[in-house]
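Open your viewer and get your selection tool ready. We will walk through a few places step by step.

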Amino acid sequence: MTVQLLSANHGAALAATLAGRANRKGRGFVSGVYPITPSTECMEFLCQQSFEKGRVVRVESEHSAMGVCIGGAAAGARTFTATSSNGLAYMYENCIAAAMLRLPVVMAVVNRTLGPPWNIWADQGDALTLRDHGLVQIYCADNQELFDSVLAAFRLAEDKRVMMPVMVNMEGFILSHTVAQTDVPDQEQVDNFLPLADIPHRMNHVPHTLGQMEVPHQTETHRWQHHEALLGAGKVYADVQREFEKAFGRRLGDAVETYRAEDAQTLIVSMGTIGLTAERVVDALREKGERVGAVRVRLFRPLPAESLRALFAGKKAVAVVERDISLSTGGVLWSEVRNLAAPDTVVQSYMAGLGGGDVRPEHLEKTLADLRSRKTTGAPAVMEAV
Amino acid sequence: MNEPVLGGMACTALDRAEPIIRRGNTNCGGCGMSSTLQALRHAVGNRAVELIVPASCCAVAGGGFPQSTFGVPTLMTTFACAPAAASGAAAVASMNGEDTRVVCFAGDGGTFDIGFASLSAAAERNEDILFICYDNEIYGNTGGQRSSATPAGAVTTNTPDGKPEQKKDILAVMAAHRIPYAASISLAHAEDAHRKLAFALGAKGFRFLHVLSPCPTGWKSEPALGLELVRLAVRSGLFPVYEIFDGKRHVVNIEPDFSDEALDMYLSLQRRFQKSGLTATDLRPAIDRYWQNLRSLSGRIVPARRDA
């Protein structure tokens, strides 16, 4: 274990490199990469690494980047790619294909506003659009968590009970370009943590066809199997956490991270970096005697609904603060969690930092002040940057 | 085996025991794609093959899960990215020391149009892939719309008066990538087709084969006349059969006699050209220009013969 000063982008690439090398005695590592701000540094870092048994293919588009991963995984290799925003949108078709083909591709997604108009800053709406298609989604708040989550993503994706792509998300610039000390394990530790990738349905000596046509009742069955596997990924995640701690001696973030939430009357629910700001706001308000807590959803797919339901029980009010907007609906996370609270709990949607605006403690304090003034849940509100 | 595509060549012990495209598939009668896959079986012998198939008639030909038409491991990809997926598969084969031949098998839509960016990129990277385009000059799978491979004058479902634009010269485009090998294949010339398939399967780097693939359904022609149509297209000079090594050395493999009679016959046997009323006289100048250029590239000056 060494401590390295890494940006989250570089951390993601380094984790993928270690994971890729860990499969050198298996069928190797394949990555398709294409630059897009702000995930470019991730692919650049990856392109500077050497692999005993691996190849990073510099393709002509994000669509092909995932195409390379699909071909690589279909041939049995461990696979990784990274992208952002419109790049992810361009990749969507193949993200869905990778999911439907049940190929364990790991993706680092650096969340950025979809354009045009062009905006290179953070917004989680790019990744959330993929919520319905059978990919695991993890949202991270700091460098170490991001690094650990990418490593763990390989174990989770390749677990035979899961066997589907895992997206590890970080907000553009806010996290992707933040440089912080990161504990980096030795190759041997990673080798011990990650079993060799074994993709049972890969192309092999037995002729069979991946992705051929099927009729409605087969699709129904396949979708349901996929649905159940994705739901089950929540349980597998707990196993991965245990294995992670055994291998590296530190805890892998929970599906839902909580901060002073148990005795709180009011909760701030968020994903990504807003969650860490929320913890500081909680501390400040607790000093003033307010019973506030923070809940950070790390695992968005599968959504840990039961954990959230338990956390929301008996709360007076919940502010769901998020960096995305589902047009005509409100916050995506809010729309997913609002029914998990009792009918008399106010669950209010706040969209903050859209298009990459800062979400600072004063924004969250203003949000909570607004929440206090509400007796019932109101229409989703955009908290403008001040 | 009496496949017409093999021109009477016998199935020998060197052939692959299992067909690449099995009986009972759903292809239309007279489908050139079926013939191409039969020819591929003949050429590939018992080498390991992986087929990478983008959306196309070939993807439909695979049949319904869990049975498969294909006698080799096959990956169905999205329309635009077969060469990218093949790059991944080829990388894995190579790093594991496997001699698996990764074959991209795409229609003209997946080659000339939507797949073109990833095709060009894989060629530029000189990936170790054999890319075979079975060109039926139409989006057959969706019921017959124009592609950039559709020849001028052909009626399609979205060019009801005949396509006004010329067919894209895909071989010249691929040659411009300076790939190790690019060739056109006539299914009516079995020995030449077999030789090229065998050479392309054995070669390293990016290899591109362009097959004129009769589509009775889209061409509105007799299924039994498919190979004859290809023969007429070759004979008249409309479909030049040649190969290009490293984007430089051009070799004409089959010398046409530039027969206008053959060309008129080719046009009249397909109802897709009926409405525009194309004749040999309309096409001849463009064919002559093409061959003039091809002659200068191949360095073989053979004056064009005329029947009349």
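One definition before the first stop: a helix axis here is a line fitted to the C-alpha atoms over the stretch in contact, and the angle between two axes runs from 0 to 180 degrees between the N-to-C directions. Keep in mind, too, that this model is predicted.

**Stop one: two helices of chain B**

Select residues 260-268 of chain B, which form helix 10, together with residues 280-298, which form helix 11. Their axes come within 9 Å and cross at roughly 115 degrees. As helix 10 of chain B passes helix 11 of chain B, the crossing is right-handed. Now show the side chains where they touch: helix 10 of chain B brings Asp260(B), Leu263(B) and Asp264(B), and helix 11 of chain B answers with Ala280(B), Leu283(B) and Arg284(B). Colour this contact by class and you will find 3 nonpolar residues, 3 charged ones and no polar ones.

**Stop two: where chain B meets chain A**

Next, bring both chains into view. This contact draws 33 residues from chain B and 38 from chain A. On the side of chain B, select strand 1 (49-53), strand 2 (74-76), helix 3 (82-95) and helix 5 (116-124), the elements that each give two or more residues. Which of them gives the most? Helix 3 of chain B does, with 10 residues. By class, this side of chain B has 20 nonpolar, 12 polar and 1 charged residues.

**Stop three: a strand pairing across the chains**

Centre on Thr209(A) and you will see Thr74(B) of strand 2 of chain B standing opposite.

Definitions and conventions. Residues numbered from 1 in each chain as written. Chains lettered and ligands numbered in written order. Predicted model: local features only at pLDDT ≥ 70, side-chain atom pairs only at ≥ 80, totals over all residues. Helix = DSSP H or I, 4+ residues; strand = E, 2+ residues; numbered from the N terminus. Left-handed = near helix turned anticlockwise from the far one by under 90°. Contact = placed C-beta atoms within 7 Å. Nonpolar A, V, L, I, M, F, W, Y, C, P; charged D, E, K, R; others polar. Pairing = 2+ DSSP bridges.
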